[in-house]
Amino acid sequence: MRQIDLNCDLGESFGNYKCGMDEEVLPFITSANVACGFHASDPLVMQQTVSAARENHVRVGAHPGFQDLVGFGRRAMSLPAKEITAIVEYQIGALNAFCAANKIKLQHVKPHGALYNMAVRDEVIAQAICEGIAAVDPDLILLAPAGSEMILAAERLGLAAAKEVFADRAYEEDGSLVSRSKPGAMITDEASAIRRVLQIVQKGTVTAITGKEIEVEADSVCVHGDSPSALAFVKQIHLSLVQEGILLAPMSQVISAPTE
């Protein structure tokens, strides 16, 4: 049976500022990428998010980003490689403390925002991220796009990697995400998002913004928890995958499953 992980970025509220619908989304996903205090979140939000994930039997991953609360981690920053490694280690460590308190094991690491986007193409940044992950726990899974520099860096360091695609983002012909500054970058129509996910999972392809069908590899599908349509998307994607006989499972199970 085909398996796929359904992940969502969660724990991105901060103090009095509410972001996302974490409690409503959790029952429909298998893995959660939890903000670690740099681009969003705070200790109480992290604590509550990890606890809620455990109660919903959702696996937890760290979602480290640049130290940029004002810009939500979406502004590019120029940091030395050793500092990128350090901020990744720091954020994994912070979230890992809450996992230990809840007696669960941290499953994966998915970089956030500008850090993620830069590491897709930048070998030095990708290597620095993966070195930070490996230094903390070499059993952690890297979550990143297929063909990215992050996947290549993970392979060099012997890290397990899960390949990620997005339900609610448009793709360029080269497999990269369409910039949020461009029209059509976000998929806001629920039916379109569901069709795209089924196409990705069943056929291994996605229709680029130009209309061309391109190949993609997917172990995990991401739905953004801070979008207005996140809850509707994740509910219907979950239901559609189940109806098609596709098993929803955490990425640790997906990437360890025997291939046909």
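Student: A salt bridge is a side-chain nitrogen of Lys or Arg within 4 Å of a carboxyl oxygen of Asp or Glu; which residues are linked in a network of salt bridges here?

Tutor: Asp9, Lys110 and Glu164 form that network. Keep in mind that this is a predicted model, in which local features need pLDDT of at least 70, side-chain atom pairs count only at pLDDT 80 or more, and totals for chains, interfaces and linings use all residues. Residues are numbered from 1 along each chain as its sequence is written, and side-chain values use heavy atoms, with hydrogens and water left out.

Student: OK. How many salt bridges does the structure hold?

Tutor: There are 8 salt bridges.

Student: What about Asp68, which side chain does it meet?

Tutor: Asp68 meets Arg75 in a salt bridge, at 2.5 Å from N to O. Asp68 is buried, at 6% relative accessible area. Here buried means under 20%, exposed over 50%, and partly exposed in between, with a 1.4 Å probe and protein chains only.

Student: And Arg75, buried or exposed or in between?

Tutor: Arg75 is partly exposed, because its relative accessible area is 46%.

Student: What does Lys105 pair with?

Tutor: Its salt-bridge partner is Asp137, at 3.0 Å from N to O. The two sit in distant parts of the chain, 32 residues apart: Asp137 is in the loop between α5 (123-136) and β5 (141-144), and Lys105 is in the loop between α3 and β4 (108-109). Asp137 counts as buried because its relative accessibility is 17%, whereas Lys105 is partly exposed at 47%.

Student: Got it. Which side chain meets Glu213?

Tutor: Lys203 does, in a salt bridge of 3.6 Å, N to O. This pair also links distant parts of the chain, with Glu213 in strand β8 (residues 213-215) and Lys203 in helix α7 (residues 190-203), 10 residues apart. Glu213 is partly exposed at 43%, while Lys203 is exposed at 56%.

Student: Back to Asp9. Which way does it point from β1?

Tutor: Asp9 points one way together with Gln3, Asp5 and Asn7, and Ile4, Leu6, Cys8 and Leu10 point the other way. Every one of these residues is buried.

Student: Why is β1 said to be largely enclosed?

Tutor: Because 8 of the 8 residues of β1 (residues 3-10) are buried, the strand is largely enclosed by the rest of the structure.

Student: Which strand holds the bridge partner of Asp9?

Tutor: That is β2, where Asn33 is the partner. Strands β1 and β2 (residues 31-35) pair in parallel over 4 bridges; pairing requires at least two DSSP bridges between two strands.

Student: What about Cys8?

Tutor: Cys8 has Val223 in β9 as its bridge partner. Strand β9 (residues 220-223) is parallel to β1 and pairs with it over 4 bridges.

Student: New topic: which residues make the nonpolar surface patch?

Tutor: Phe14, Tyr17 and Leu69 make it, and it covers about 330 Å². Leu69 is in the loop between β3 (59-63) and α3 (81-101).

Student: How exposed is Leu69?

Tutor: Partly, with a relative accessible area of 39%. Patch residues have over 30% and no salt bridge, with nonpolar side chains joined within 5 Å and like charges within 9 Å; areas come from the Shrake-Rupley method with a 1.4 Å probe.
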